[in-house]
Amino acid sequence: MSQAPVLYDFEVALAHVDRGLQETLSLRTARHPSETLARVFLRVLAFCFFHQERLVFGKGLSDPEAPDLEVRDLTGLLSLWIRVGKADPARVQKLADQNSSARVAVFFESPQRLEAFLAAAAAEKVSRLGRVELLAMDPALPLALAEKDQRRHKLAVTIVGEHFYVEQGMRNFD
């Protein structure tokens, strides 16, 4: 019998300075049985970085073809597709090719994972990734946030450029 996903609630005070965005977000996401809590936090941080109207968590690990985060416009067309963590270069290129009007991004858990993705893309001769946004997180941040395994989290996230400042209770991360 397979394990059920675990639901996590996040109350996030978000300030994205460069975009002039300041909001309070109430997020609920499921943690897949094979997913680490650090990856859940990586998805939440990606949600904060890309936050916009109609952004939702996708099926993620439950469906390898589905994004971890997505935005669909009012007609149902995909306008933003985000993979968090490990990604297959050929799949990302195919998705970008099939959805030419959508913004496509991959948010990696470390610079090393980004470098491995680029090396795999070169080895597989995947060459049309130019319009795909590739970002890498310092792996220490999601790992530190995941030290407290509880179902409800309260965070203050400030983003300046591509730099995150996160407050979790009495702990601050830069």
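This is a predicted model: local features need pLDDT of at least 70, side-chain atom pairs count only at pLDDT 80 or more; totals for chains, interfaces and linings use all residues.
Local features are reported at pLDDT of at least 70 and side-chain atom pairs at pLDDT 80 or more, while totals for chains, interfaces and linings use all residues. Residues are numbered from 1 along each chain as its sequence is written, and side-chain values use heavy atoms, with hydrogens and water left out.

**View 1. The open sheet has 5 strands in the order S2-S1-S8-S9-S10.** Pairing in the sheet is mixed. Strands are DSSP runs of E of at least two residues, numbered from the N terminus, and two of them pair if DSSP finds at least two bridges between them. Because S2 (21-31) and S10 (171-173) each have a single partner strand, one side of each is left without a neighbour in the sheet. From one strand to the next the twist averages 20°, with axes as lines fitted to C-alpha atoms and angles running from 0 to 180 degrees between N-to-C directions.

**View 2. Strands S1 and S2 form a hairpin.** The two strands run antiparallel and are joined by 11 bridges. Glu 11 has Ser 26 in S2 as its bridge partner. Between the strands lie 4 residues; in the turn, Gly 20 has a positive phi of about 65°.

**View 3. Strand S1 pairs with strand S8 in the parallel sense.** S1 covers residues 6-16 and S8 residues 152-160, with 8 bridges between them. Asp 9 has Arg 152 in S8 as its bridge partner, and His 16 stands opposite Ile 159 in S8.
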